[in-house]
Amino acid sequence: MTSTVSGGVEALRTAMGGAVLDPSDPGYDAARAVWNAAIDRRPAVIARCSSAADVSTAIGYAQATGLEIAVRCGAHSMSGASTVDGGLVVDLSGMRDVTVDPQARRARVAGGALLADVDAATQAHGLAVPLGAIGHTGVGGLTLGGGMGWLTRQAGLSIDNLVSAEVVVADGRILRACADENAELFWAIRGGGGNFGVVTEFEFRLHEVGPMLEFGLLFWGVDQAAEALRVVREVLAELPRSMNGIVAGMSAPPEPFVPEQFHFRPGFALMLAGFGDPAEHARVVARLREAVPPLFEHVSPMPYVALQQMIDEANAWGRHNYEKSTNIEALTDGVIEVLTEHVSLRSSPLSIFLLYRLDEAYADADADATAFGGSRIPQFAMFTVGVSFSAEQLVAERNWVRGLWDAMQPHSLGVGSYVNGMTEQEEHRVLAAYGRTKYDRLARIKREYDPANVFHRNINIRPA
Ligand code: FAD
């Protein structure tokens, strides 16, 4: 049960091992910043937790003093779910320890760790957890919603590899959730987001990966796009399980490997990672190159940790962002037509859409084994992100994102999509993502563990 710390913030400072910040502290402004600069909120209290006991104390304090709670790991939430005006932030950013047991092939990851923390610790043993594609994303939010990235085809989602978790629930208890302890809670946190409590430790199964892999990026201009994407479609359909490809609609970056005349030119990139036989990767790259010669390419072996940080800078903190996601079954001619038209309609060269391939291990997983909101048929998850340097510029990018999302709907698998790609709480989309049966089960579990909906700053499941 929650401890009964209440009263002024001094009482919380005394009760917690970690630091507690309020607006009078010099570090407050830095501590309240989140990844998306479009979000500018002023919490009353930021509780920098250093243990599960701290988390329990902070949750109890917030409830005793009537403060709304936000939980923060990597602070990547587009909508700013991990911060709150006038409320209390349970800030896990000081809890980033990762412990690897290479014999048992398990990693214990503290609830505030970033993907890069996990990659560094596991790769020291040639092992990895399937996570997302950007190093400064939080393991917490990413995992609780599902978690997809370069390893999804060969090893499934992050939640498919979660073995157990330590969870601080709304009444302050610190529980272990796994297949044979609090099994319903364990089911719910694998896809149901932060609705059920604060996860202070994740235990993951590890896979042998790298440390080196083959990487290739091929970039085609808009005038080549229809032809190139049809070849990409064929290649992705036949891709061995040891490879993965991400398709991006973007502007050519001003990188050293891009000839200057192509800098900022709109087009399409296919990024191909090969974790198996290098010759296999070379064959796929050659096939693409010969079918439709790209404007430029970058093909090279690279360490897995470098792949995991390759687009960190392109997704840096401090920009204004807006996102919508959708799922499509295939790169049909109709889809290709929409993508080709809309890639040229962006005002900002930073705006981008990414298509993640979800098949093989993703599709092999039992859809009912976890609460994941989405079907397990082979498909693409499409993330469309409008990015700008100012709030004024973001208006046009937001319109671009919405226009592309609308145009994709006739081709999509429905209005429901990956909950981690939802910017806003749109009830019909949340219900469609989970489906009625899963949603009702989640709502019953929510009633058991968080009947007052204390953890509601997320894609919210209302208690049944
Ligand atoms: P936060 O803002 O800290 O938290 C997000 C939500 O999760 C909040 O509701 C928060 O309360 C809750 N939460 C976080 N940690 C905990 C915890 N320990 N216990 C309980 N609740 C918690 N997704 C992918 O699957 N693959 C990708 O490759 C990928 N790339 C991305 C790249 C960028 C640049 C961005 C912005 C997002 C990306 N995402 C990706 C989506 C990402 O998974 C979600 O934004 C996710 O919520 C981020 O988690 P976080 O911990 O960084 O965010």
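# Reading the terms in this predicted model

Asn195 is placed in the loop between H7 and strand E10 (198–205), in a model that is predicted.

Q: Why is Asn195 called buried?
A: The relative accessibility of Asn195 is 0%, and buried means under 20% relative accessible area, so Asn195 counts as buried.

Q: Which residues is Asn195 in contact with, leaving aside its neighbours within four places in sequence?
A: Asn195 is in contact with Lys446, Asp450, Phe455, Asn458, Ile459, Asn460 and Ile461, where contact means heavy atoms within 4.5 Å.

Q: Why does Asn453 count as buried, and where does this residue lie?
A: Asn453 lies in the segment after helix H14 (427–449). Its relative accessible area is 14%, and because the cut-off for buried is under 20%, Asn453 is buried.

Q: How do you know which kind of peptide bond, cis or trans, joins Gly210 and Pro211?
A: Omega is about 5° for the bond between Gly210 and Pro211, and this peptide bond is cis. Most peptide bonds are trans. Pro211 is found in the loop between strand E11 (207–208) and E12.

Q: What makes strand E12 mostly covered?
A: Strand E12 spans residues 212–221, and eight of its ten residues are buried.

Q: How do you know that E12 pairs with strand E15 and strand E14?
A: Two strands pair if at least two bridges are found between them. Eight bridges join E12 to strand E15 (residues 296–303), and the two run antiparallel; eight bridges likewise join E12 to strand E14 (residues 266–274), again antiparallel. Met212 has Pro303 as its bridge partner in E15, while Phe219 stands opposite Ala269 in E14.

Q: Why are strand E1 and strand E3 called edge strands?
A: An open sheet of four strands has the order E1-E2-E4-E3, with mixed pairing. Strand E1 (20–21) and strand E3 (69–72) each pair on one side only, and they are therefore edge strands. E3 pairs in the parallel sense with strand E4 (residues 88–91) over four bridges, and Ile69 has Leu88 as its bridge partner in E4.

Q: What is the area buried between domain 2 and domain 3?
A: The protein chain is divided into domain 1 (9–91), domain 2 (98–209) and domain 3 (212–421). Between domain 2 and domain 3 about 3000 Å² is buried, with carbon and sulfur atoms giving 59% of it. Met148, Trp150 and Arg153 supply 36% of the area that domain 2 buries against domain 3, more than any other three residues. In terms of contacts, 34 residues of domain 2 meet 41 residues of domain 3.

Q: What makes the meeting of Glu360 and Arg153 a salt bridge?
A: The N to O distance between the side chains of Glu360 and Arg153 is 3.8 Å, and the rule asks for a side-chain nitrogen of Lys or Arg within 4 Å of a carboxyl oxygen of Asp or Glu, so the pair meets the rule. Across the interface of domain 2 and domain 3, three salt bridges are found.

Q: Why is Gly146 said to be buried?
A: Gly146 lies in the loop between H5 and H6, and its relative accessibility is 0%. Because that value is under 20%, Gly146 counts as buried. Not counting residues up to four places away in sequence, Gly146 touches Leu157, Ser158, Ile159, Phe372, Tyr418 and Asn420.

Methods
Residues numbered from 1 in each chain as written. Predicted model: local features only at pLDDT ≥ 70, side-chain atom pairs only at ≥ 80, totals over all residues. Heavy atoms only, no water. Buried < 20%, exposed > 50% of the residue type's maximum accessible area, 1.4 Å probe, protein only. Domains from an automatic or database assignment. Buried area = accessible area lost by both parts, 1.4 Å probe.
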